[in-house]
Amino acid sequence: MSTLTGTTQLLKLMVRLDRIRLSVWILLLGLVPVAVASSFLALYDTEAARRELAATVASSPGLVALLGPIHGTSVGALTTWRIGTVGAVLVALMAVFTVIRHTRLEEETGRRELVGSTVLGRHAPLLASSFLVVASGVLIGALLTLGLLALGEDAKGAVAFGLGWTSVALAFAAVGALAAQLTESSGGARGLAGGVVGVLFALRMAGDGGEGMGIGWLSWLSPIGWVTKLEPFGDERWRVLLLFAGLTIVVWSAAFAISARRDVGAGLFPARGGPADAAPSLSSAGGLAWRLQKGPLVGWMVSVGLFATVWGGLGDTISQIFEDNPQLAAIFEVFGGEGALADMFFGVAMGLVALIVTAYAINTALTLRAEEDGLRAEPVLATPTSRLGWAGGHLLFVALGPVVIMAVAGAVAGFTYGLIAGNVLSQITSLVGIALLQVPAIWVGGGVAVALYGIVPRLATLSWGALVTFLLLGQLGQILQLPQWSLNLSPFTHVPLPPEPVSAVPLVILTLIASGLFGAGLFGLQRRDMR
């Protein structure tokens, strides 16, 4: 029997299981760039207006760091700048999570062993999941290419844009496949792959934003940076696609080589054996939650700290540019801010960090479902531990983890910016305050996951869809000229952004909404059956 036997049949099963989830991803990622291009056609309908916008963006290292460089004055070039790197990150996350779901998660739950007892080759799950992601990436690229062509944009630029996102899907499908071989848990694989995406995005930011400081080469180390280096609607540097191809081949080869040598259910790096006797802290549900959650918490703090270091280093440059360039203030009004000070930049930056930290809150809440599905909750609940006591230990991290991570982000950014500006303590205090303003909105995102898990656990993963919705509404809502009621669906819309005066009312309302979602989830958990 070949190691690839059964790939076609398994691929059909994966398509059936993911037909709704991937259809949403494909339509969303394929059509949003077209919608953005349509908005730019309406907002900047003259060459002079587009040239002025492009000049403003090019003069701002902060905007370039956040969204990437701009390579032209056409509507296609503006669209690529505005959505190119953000969309590439979403494509990357779609790719890694899909591959891990159909490989490592299947092994973790024991379904891989059951399916493997039939006529199924060893590499069939890995190859089938990779084909699934590749097909999704091709459809995304084709959809956005055809959409931009229908708007009359340049054919070469549209094809380059589509190939860029398709190449990201291929490369990060390989990253997800490798992560699935390295760890023994799906959560660990997702954390590892997500961390890789975060680090690569930070490299892209540092390289693009630091071009004038001689560190532009950093963006060449990131596949997300290669999307901008491809220069759709600019010079179309097709050779950049060879970098994607080379990376994909190397990483996929490594994944298949490890898959051929490891045991099913095991990872290249086995779980570290614990002591013969459990620590006294593990006698409680809270101690167990601490043991499970402390590693991810530290990892997220380090990752977010890297982002904050990059943004903090750009703060002084942003402040000077705002003072010299009044057009930049108008651009930032589209992002939700007002005025022309560095605090406005940090407010927008912390909003992006908050969206990232919302992913931490959701992932932490969904640990409860993973423990239940893996039948690890059952022995805990067989003791005198109540359901609320078991869940409460994890939910404490959903509530307090974002506070700690956002405080670290503010402190690191404030320290870095303070060293440049010469007032470290003042900047730390200011930016920690700006960062903590985002916490109630993060709680709402985590509360959605808690409510879905407690009431309808099979739909708990839809909380990721809520996060994507928040991201798109915040980043593109005003550019797409969506009605205010739709923008209000995102909790981050209601967070005051400097230099706006801080009002406690929206923050209190968001906290009450989050509390209601947490309470609804715990109430549902108390009443429903558990596996």
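Okay, Phe-233: this one sits in the loop between H11 and H12. Helices here, by the way, are DSSP runs of H or I with at least four residues, strands are E runs of at least two, and numbering goes from the N terminus. Phe-233 is not a glycine, yet its phi is positive, about 65 degrees. In general, most residues other than glycine have a negative phi. Phe-233 also counts as buried because its relative accessible area is 9%; buried means under 20%, exposed means over 50%, and partly exposed is in between, with a 1.4 Å probe and protein chains only.

Before I go on, this is a predicted model: local features need pLDDT of at least 70 and side-chain atom pairs count only at pLDDT 80 or more, while totals for chains, interfaces and linings use all residues. Residues are numbered from 1 along each chain as its sequence is written, and side-chain values use heavy atoms, with hydrogens and water left out.

Glu-231 is in the loop between helix H11 (223-229) and helix H12 (240-261), and Glu-231 is another non-glycine with a positive phi, about 55 degrees. Is Glu-231 buried or exposed? Buried, since its relative accessible area is 10%. Glu-231 has a partner, too: a salt bridge to Arg-237, with the closest N and O atoms 3.0 Å apart. The salt-bridge criterion is a side-chain nitrogen of Lys or Arg within 4 Å of a carboxyl oxygen of Asp or Glu. Arg-237 is at 22% relative accessibility, so that side of the pair counts as partly exposed.

How many salt bridges does the structure hold? Eight. One of them joins Asp-18 to Arg-101, with the closest N and O atoms at 2.8 Å. That pair links distant parts of the chain: Asp-18 is in the loop between helix H1 (7-17) and helix H2 (19-43), Arg-101 is in helix H5, and the two are 83 residues apart. Asp-18 counts as buried because its relative accessibility is 2%.

Met-14 is at 3% relative accessibility, so it counts as buried. Its C-alpha atom is separated by 7.5 Å from that of His-102, 88 residues away along the chain. Which residues does Met-14 touch, not counting those up to four places away in sequence? His-102, Pro-125, Ala-128, Ser-129 and Leu-132, where contact means heavy atoms within 4.5 Å.

Zooming out to the whole chain: 23 helices and zero strands. Of the 531 residues, 51% are buried. Among contacts with a separation of 6 or more, 77% are between residues 24 or more positions apart.

Now the core. The largest nonpolar core has 139 residues, and Trp-165, Phe-172, Trp-311, Trp-390 and Met-406 touch the most other members. A core here is a set of buried Ala, Val, Leu, Ile, Met, Phe, Trp, Tyr and Cys residues joined through side-chain atoms within 4.5 Å. Helix H5 (residues 75-102) gives the most to this core, 16 residues. Phe-172, leaving aside neighbours within four places in sequence, is in contact with residues including Ala-92, Ala-95 and Val-96.

After H8 comes Gly-152, with a positive phi near 90 degrees.

Last stop, down at the other end: Ser-490, in the loop between helix H22 (484-487) and helix H23 (504-527). Ser-490 is buried because its relative accessible area is 1%. Beyond its neighbours within four places in sequence, Ser-490 is in contact with Phe-470 and Leu-473. That's my tour.
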